[in-house]
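Me: I have a structure open and have not looked at it before. Can you walk me through a few parts of it?

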Amino acid sequence: MPDAGVVRAFLEPSHLELAERIGAYAKSEVAPRSEPADDAAGRREARELLTLLGTAGWLEPVRQQDFRACCLIREALAWASPLADAVFALQALGSMPIQLGGSEALRDRWLPAVASGQAMAAFAMTESEAGSDVGSIRTRATRDHDHYILNGGKTFISNAGIADFYTVFATTDPGRGPKGLSCFLVPANAAGFQFVRPLEISTPHPLGEIAFEDCHIPAEFRLGEEGGGLRLGLGALDRLRPTVGAAACGLAQRALDEALAHAGARRQFGRPLAEFELIQEKLARMATDLTAARLLVYRAAWERDRGKERTTLEAAMAKAFATEAAQRIVDDAVQILGGRGVLTEHPVDRLYRAVRALRIYEGTTEIQQLIIAGELLKGPPNE
């Protein structure tokens, strides 16, 4: 559950109250739900979770761009269910370009449906030859009077096949590289759009490939200016990267909770595991890493919420440190639990399968390190 006390200095009274409510909700309504047995069940569960979160009002902070609230919600949901956290995350990421660059008509059409859980969002940037290198995107959008015609394909797209709309990044001017990218809202029922196939990973998560074959999109479905897609995409990622760190904190907190409970109850050589100094060292390191991660995460969200225009450095630090720390914390929890920690029925095994992806999506740790170094090398803002 979110430990609001640790980050109280970065929160408003409303956030403290929210932390209590979402913590209780995640524990009572989300945590008891069974993990889906296969990909098809995972896709059904994702839609059910979307309805659950939308009906309860937990998606509203996305529309309000209250990023500290989003962090608190993601932390609680990740503690209870990595899939529930992923559903929340994609509603935020898929709809943020609409908030930042959509027309009033598009915002009115889609954002209320996103917030209520009636429309599932997806964010379609990655291609088989374009991951971190967005300049290699080959999906093409060609202007044809009052329409754009999209051709190409995307892979590793979360919610592929179950989303109601996709925010799609395509090149409108291949000669300009990243500066030739534009962003489009593509409804799932658009002619020429197709769901190609699911991609199954070790933890339940609706992932897949999509394609565009002469997919006609009205020109007013372009988000932002033509050629402004990269700026729009990076703007969305900058705002939401701290929430990835918050999800990592939620996974790490659950791992620490499970490790503490096991260490106190499990006896070996005539005494509880918790009395062994090597176990104590792991628990101390886990708690310290988690506290440091939370401080970086909520510092970054606080900076954005208080009006700082660019939080690239803070967001990159938060995501890189929190996700790497969560990997270490979950791994230590498995070690403390021993054989129980790798049983598929145990929560720690689910955490172990879920945490790895956080170090990759929305910018790998290595990319975050390059961003951090690049920001530092620019020097202070007044230079």
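Predicted model: local features only at pLDDT ≥ 70, side-chain atom pairs only at ≥ 80, totals over all residues.

Me: Ok, core first. Which residues touch the most other members of the largest nonpolar core?

Reply: L150 and V186 do, in a core of 115 residues. Helix α7, residues 229–265, gives the largest share of this core, with 15 residues.

Me: And what does L150 touch?

Reply: Leaving out residues up to four places away in sequence, L150 touches R140, A141, V168, V186, F212, E213, D214, C215 and I217.

Me: Switching to helices. How do α4 and α5 pack?

Reply: Helix α4 (residues 67–80) and helix α5 (residues 82–101) pack at an angle of about 155°, and their axes are 7 Å apart. Angles over 145 degrees count as roughly antiparallel, so α4 is roughly antiparallel to α5.

Me: Which residues make that contact?

Reply: From α4 they are F67, C70, I73, R74, L77 and A78, and from α5 they are P82, A84, D85, F88, A89 and M96. By type, 10 are nonpolar, 2 are charged and none is polar.

Me: What about α7 and α8, what is the angle there?

Reply: About 155°, with the axes of α7 and α8 9 Å apart. That angle makes α7 roughly antiparallel to α8. The residues of this contact divide into 18 nonpolar, 2 polar and 4 charged.

Me: Is the crossing of α7 and α8 left-handed or right-handed?

Reply: The crossing of α7 and α8 is left-handed.

Me: New topic. Where is C183, and is it buried or exposed?

Reply: C183 is in strand β5, residues 181–187. C183 is buried, with a relative accessible area of 0%.

Me: Last one, F10. Where does F10 lie?

Reply: F10 lies in the segment before α1 (13–30). F10 has a relative accessible area of 18%. Buried means under 20%, so F10 counts as buried.

Me: What is F10 in contact with?

Reply: Setting aside neighbours within four places in sequence, F10 is in contact with R68, L295, Y298, R299 and W302. F10 and L295 are 285 residues apart along the chain, and their C-alpha atoms are separated by 8.6 Å.

How values were computed:
Residues numbered from 1 in each chain as written. Heavy atoms only, no water. Core = buried A, V, L, I, M, F, W, Y, C linked by side-chain atoms within 4.5 Å. Buried < 20%, exposed > 50% of the residue type's maximum accessible area, 1.4 Å probe, protein only. Helix = DSSP H or I, 4+ residues; strand = E, 2+ residues; numbered from the N terminus. Contact = heavy atoms within 4.5 Å. Axes fitted to C-alpha atoms, helices over the stretch in contact; angles between N-to-C directions. Parallel < 35°, antiparallel > 145°, perpendicular 65-115°, else oblique. Nonpolar A, V, L, I, M, F, W, Y, C, P; charged D, E, K, R; others polar. Left-handed = near helix turned anticlockwise from the far one by under 90°.
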